Amino acid sequence: MNPMWTLLLAFVACAPPPYTPPAEDTGDAEVPEDTGVSINITWPLPETPVTGCAMVVVEVQNLRLTDAAVNPDPVDGQGHYHLLYDDKYTPCYTPYCLIALETPGMYTVQALVTANDHTPLLDEEGEEIRANLPLNVTPGECDLGEPLDGYW
């Protein structure tokens with residue numbers, strides 16, 4: 001096989017899945033509308049080996065992702081999420097967020113849903129809205145791009 005095709009196939013195999021917006025509400029009166037905010041990490045898969053960084057892809061329900069620098073005041077239905085990892089956090093305003101991972105070994109990246117002012121949003125039970133992703137990190141150079149800076 002041509003080495004270029006092999007490289008291309010290897011790159012495509014490591015890419016996150018394409019983003020697809022949530023399905024439209026069909027108006028089925030039998031099912032109550034779910035208005036609760038939720039977050040789910042869809043990529044990478046749990047315990048995936050990663051080197052130097054990870055492109056984390058999330059699905060957020062019932063929240064419009066907004067940039068806190070543009071709109072810093074809390075607004076119902078708006079917010080973003082923080083990725084917590086390696087004793088740092090990175091605010092993310094899109095369904096994709098590339099983070100640098102420096103500590104080798106198994107550990108968990110958490111996605112925490114926040115309001116525009118960075119305060120955690122709470123569910124109906126008063127708990128923070130989070131999703132967890134265990135990853136197997138190997139030190140090395142990130143080959144996915146330039147990761148976002150994390151805050152301590």
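How many helices and strands are there in the protein? There are 1 helix and 9 strands, where helices (H or I, at least four residues) and strands (E, at least two) are DSSP runs, numbered from the N terminus. The model is predicted: local features need pLDDT of at least 70, side-chain atom pairs count only at pLDDT 80 or more, and totals for chains, interfaces and linings use all residues. Residues are numbered from 1 along each chain as its sequence is written, and side-chain values use heavy atoms, with hydrogens and water left out.

**View 1. The protein as a whole.**
Read along the sequence, the elements follow the pattern α-β-β-β-β-β-β-β-β-β. Of the 152 residues of the protein, 31% count as buried. Here buried means under 20% relative accessible area, exposed means over 50%, and partly exposed lies in between (1.4 Å probe, protein chains only). The areas come from the Shrake-Rupley method, and for residues only the protein chains shown count as cover.

**View 2. The disulfide of cysteine 53 and cysteine 142.**
A disulfide is a pair of cysteine sulfur atoms within 2.5 Å, and by this rule the protein has 2 disulfides. In this one, the sulfur atoms of cysteine 53 and cysteine 142 are 2.1 Å apart. The pair links distant parts of the chain: cysteine 53 is in strand 3 (residues 53–61), while cysteine 142 is in the segment after strand 9, 89 residues apart. The torsion about the S-S bond is about 70°, so the disulfide of cysteine 53 and cysteine 142 is right-handed. Cysteine 53 and cysteine 142 are both buried.

**View 3. The disulfide of cysteine 92 and cysteine 97.**
The sulfur atoms of cysteine 92 and cysteine 97 are 2.0 Å apart, and the two residues form a disulfide. The torsion about the S-S bond is -75°, and this link of cysteine 92 and cysteine 97 is left-handed. Are cysteine 92 and cysteine 97 buried or exposed? Cysteine 92 is buried, as is cysteine 97. When the bonded cysteines of the protein are numbered in sequence order, the pairing is 1-4, 2-3.

**View 4. The salt bridge of lysine 88 and glutamate 102.**
A salt bridge is a side-chain nitrogen of Lys or Arg within 4 Å of a carboxyl oxygen of Asp or Glu. A search of the whole structure finds 2 salt bridges. In one of them, the closest N and O atoms of lysine 88 and glutamate 102 are 3.9 Å apart. The pair links distant parts of the chain: lysine 88 sits in strand 6 (residues 88–92), and glutamate 102 sits in the loop between strand 7 (96–100) and strand 8, 14 residues apart. Lysine 88 counts as buried because its relative accessibility is 11%. Glutamate 102 has a relative accessible area of 52%, so this residue is exposed.

**View 5. The salt bridge of glutamate 128 and arginine 130.**
The side chains of glutamate 128 and arginine 130 meet in a salt bridge, at 2.6 Å from N to O. Glutamate 128 counts as partly exposed because its relative accessibility is 33%. Arginine 130 also counts as partly exposed, at 36% relative accessibility.

**View 6. A patch of negative charge.**
Which residues gather in a patch of negative charge on the surface? They are Asp34, Glu124, Glu125 and Glu127. Patches are made of residues with over 30% relative accessible area and no salt bridge, and like charges are joined within 9 Å. Asp and Glu count as negative, Lys and Arg as positive, and His and the chain ends are not counted. The place of a charge is taken as CG of Asp or CD of Glu. Glutamate 127 is found in the loop between strand 8 (105–114) and strand 9 (130–138).

**View 7. Loops with particular backbone angles.**
A cis peptide bond joins tryptophan 43 and proline 44, with omega about -5°. Proline 44 is in the loop between strand 1 (38–43) and strand 2 (48–51). Asparagine 62, in the loop between strand 3 and strand 4, has a phi near 60°, a positive value in a residue other than glycine. Asparagine 62 counts as partly exposed, because its relative accessibility is 35%. Aspartate 87 lies in the loop between strand 5 and strand 6, and its phi is likewise near 60°. The relative accessible area of aspartate 87 is 73%, so aspartate 87 is exposed.

Terms used
Patches are made of residues with over 30% relative accessible area and no salt bridge: like charges are joined within 9 Å, nonpolar side chains (Val, Leu, Ile, Met, Phe, Trp, Tyr) within 5 Å. Accessible areas come from the Shrake-Rupley method with a 1.4 Å probe; for residues, only the protein chains shown count as cover.
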